[in-house]
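These are my notebook entries on one protein model. I looked up its cavities, its metal site and its pockets, in that order.

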Amino acid sequence: MVQNKYDTIINARWIITVEADNEVLENHAIAIRDGKIEAIVPASQAAGLEAREVLRLDRHVVMPGLINLHGHSAMTLLRGLADDKALMDWLTQYIWPAEGRHVRDDFVFDGACLAMAEMLRGGTTLINDMYFFHGAMARAGLASGMRTFVGCSILEFPTNYGANADDYITRALDERREFLGEERITFTLAPHAPYTVSDDTFRKVVTLAEQEDMLIHCHIHETAHEVETGLKETGVRPLARLKELGLLSPRLIAAHMVHLNEAEIALAARHGLSIAHNPTSNMKLASGIAPVKALLEAGVNVGVGTDGAASNNKLDMLAETRMGALLAKVGTLDPTAVPAYTAIRMATINGARALGIDDKVGSVAQGKMADLIAIDLSSPETAPAFDPVSHVVYAAGREQVSHVWVQGEALLRDRTLTRLDEEALLARAEDWRHRILARGE
Ligand SMILES: CSC[C@H]1O[C@@H](n2cnc3c(O)ncnc32)[C@H](O)[C@@H]1O
Ligand SMILES: [Zn+2]
C-alpha cells in the first residue's frame, strides 16, 4: 500500500534515543518519511514495512546528530597558524590581523564548506556559528545540507565586514532577509563579547532579539583576564553587567562561561540561559575548566561546542563530547561528574534546547526530524561492544561515523559525502594556503 511506503528504514543494532531514562533500544528500526521519524519499531515488525531504501546497520549504533553549539566555521582556513597562545594574545596579535588580511566572502564560503565537510564526517548535523559575511555562511549551509545557525557578529570596531556596531546590525538584518524561508538556515545575533561590545549596543541587541524573535550568541566569562578587566573598568563582573542590560534570558547562548562563582551559576539557572561548553578550546588557550558539574546540578542547560579550528584545532564533536566528560571529572576529582549518557545529552538534546528546537531535533523520537547518525562499532577500536553509550563517548573515533542524515536526507553515506565534493574542497583549501602564505599569515 502506498501509505505504508516509507522513504527510508534504518535497522540498527542499537539506538541511543536520548529520550527518558537513558534509553538504549536493541535491534529496532526507524521508519522515515518526508524527513521525519514516523515510527520506531522492533526489527521483527519492520520486516513487513516497505521503503524505497532499507538499511541494515547490524554493527552500528544510531543516535541523534551531534549539535555543535559554538563554532566559527570559516576559521578552518586559519587552522594551525597561531597555536600555544592565551586568548587575548591569540586574538589581538595573530587572529584579528590575519582576519583583516584574508576574511572576505569567498574565504567564509570556502572555509565554512571545509568545516562542514569535517563536521559531517564526524557526525555533526547542526552548527551554531558566529562569524562575518553571513550570506556566504548561509550559502555554505545550503550547499552542505547541514542545519546552520548563522551568528551575525556585532563589535564596536571595524573589520572587513562592518564599520561599527550599527553597521553590523544593519548588514545582519539585510542578509537574513534572503534566507528567511530556508528551513535549515536560522540567523542569530552574535555580539562578540563583553569586552568588545558597549552597553548601548547590548541594549539594542536585546530589543532587536525580542522584536525579531532571534537568539543571542555571545562569548562570556571565557578567561579570568576578561572578568578582572571587566570588573576594573565597570565596577561589576561582566555577567552582572549583562544582567543589568537585560541580556540574561532563555534567548542567550553564552559560549565558554569558564570563570563563574556560585552566585553566577545560580543567576544563570534563574534566567534560563544556555551555555556552550568548549572544553578543548578552553584547554588549548589555557582559559580554564568550566564548572559543568555545578552548572548541571543547578539546572543550567549546557551543550557542547568545538569553537573554531584556529583554537581547537579539530571540529570533532565526538572528541569534544569525550573531552567534556573527562574534563569535568578531573576538574572536580569526581568520576561521576559527567557520566557518559549525560555527555551524549549535552551534545544532542541540550544543544537543541539551547536553540529552541528540542521539539524538532536532538533525540530519536516519533514525529521528530530525522537528523540522525550511525556509528560503526565493529572495528577493533570498539571491540567488544558491551555498551554502545560507553563506546560512543569513551572509545569511538569520528572515522567510525558511517552515515549522517539531516531531515532524512543522507549527507554522508558509507563515509562518502553526498553533496559536498571533497576533492574540490581540498583543492580550494590548498589555494587558500598559497594565498595566505603569499599575503602573510
Ligand atoms: C563575533 S565572532 C567572530 C570573532 O570571534 C573571534 N573568536 C574566535 N574564537 C574566539 C574565542 O574563543 N573567544 C573570543 N573570540 C573568538 C573570531 O576570530 C572573530 O574575530
Ligand atoms: Zn568562539
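**Entry 1: largest cavity.** I began with the largest cavity, whose volume is about 240 Å³. On a 1 Å grid over the protein atoms alone, a cavity is a set of points where a 1.4 Å probe fits but cannot get out, and lining residues have an atom within 4 Å of a point. Grid points are joined across faces, edges and corners, and the volume is the space filled by probe spheres set on the points. The model is predicted: local features need pLDDT of at least 70 and side-chain atom pairs count only at pLDDT 80 or more, whereas totals for chains, interfaces and linings use all residues. I number residues from 1 along each chain as its sequence is written, letter chains from A and number ligands from 1 in the order in which they are written, and take side-chain values from heavy atoms, leaving out hydrogens and water.

The search of the whole structure found three cavities of 30 Å³ or more. For the largest cavity I listed 22 lining residues, with H72, L91, W96, H192 and H219 nearest its centre. Two or more lining residues come from each of α2 (87-102) and β6 (124-131); α2 gives the largest share, six residues. Helices (H or I, at least four residues) and strands (E, at least two) are DSSP runs, numbered from the N terminus. I sorted the lining into 13 nonpolar, six polar and three charged residues. In this scheme Ala, Val, Leu, Ile, Met, Phe, Trp, Tyr, Cys and Pro count as nonpolar, Asp, Glu, Lys and Arg as charged, and the others, Gly among them, as polar.

**Entry 2: zinc site.** Which protein atoms are donors of the zinc ion (ligand 2)? I found H70 (NE2), H72 (NE2), H219 (NE2) and D307 (OD), lying 2.1 to 2.3 Å from the ion. Donors are N, O and S atoms within 2.8 Å of the metal (3.2 Å for Na, K and Ca); water is not among the atoms, so sites may look incomplete. The four donor atoms subtend angles of 88 to 168°, so I recorded the arrangement as irregular. Four donors count as tetrahedral if all angles lie between 85 and 135 degrees; four count as square planar and six as octahedral if opposite donors are over 155 degrees apart and all others between 65 and 115; anything else is irregular.

Along the chain the donors follow the spacing H-x1-H-x146-H-x87-D. H72, in the loop between β5 (66-71) and α2, and H219, in strand β9 (residues 216-220), link distant parts of the chain, 147 residues apart. I noted H72 as buried because its relative accessibility is 9%; buried means under 20% relative accessible area, exposed over 50%, partly exposed in between (1.4 Å probe, protein chains only). H219 is buried as well.

**Entry 3: record check.** The unreviewed UniProt entry annotates H70, H72, H219 and D307 as "binding site". These residues are spread over 238 residues of sequence, yet they cluster in space, with a largest C-alpha distance of 11.8 Å. Of them, H72, H219 and D307 belong to the lining of the largest cavity.

**Entry 4: largest pocket.** I then turned to the largest pocket, which holds about 410 Å³ of space. A pocket is an open set with protein on both sides within 12 Å along at least five of seven lines. Of its 21 lining residues, F149, T186, L355, G356 and I357 are closest to the centre. β8 gives the most to this lining, with four residues.

Note on methods:
UniProt positions are given in the numbering used here, feature names are shortened, and annotations may be inferred rather than shown by experiment.
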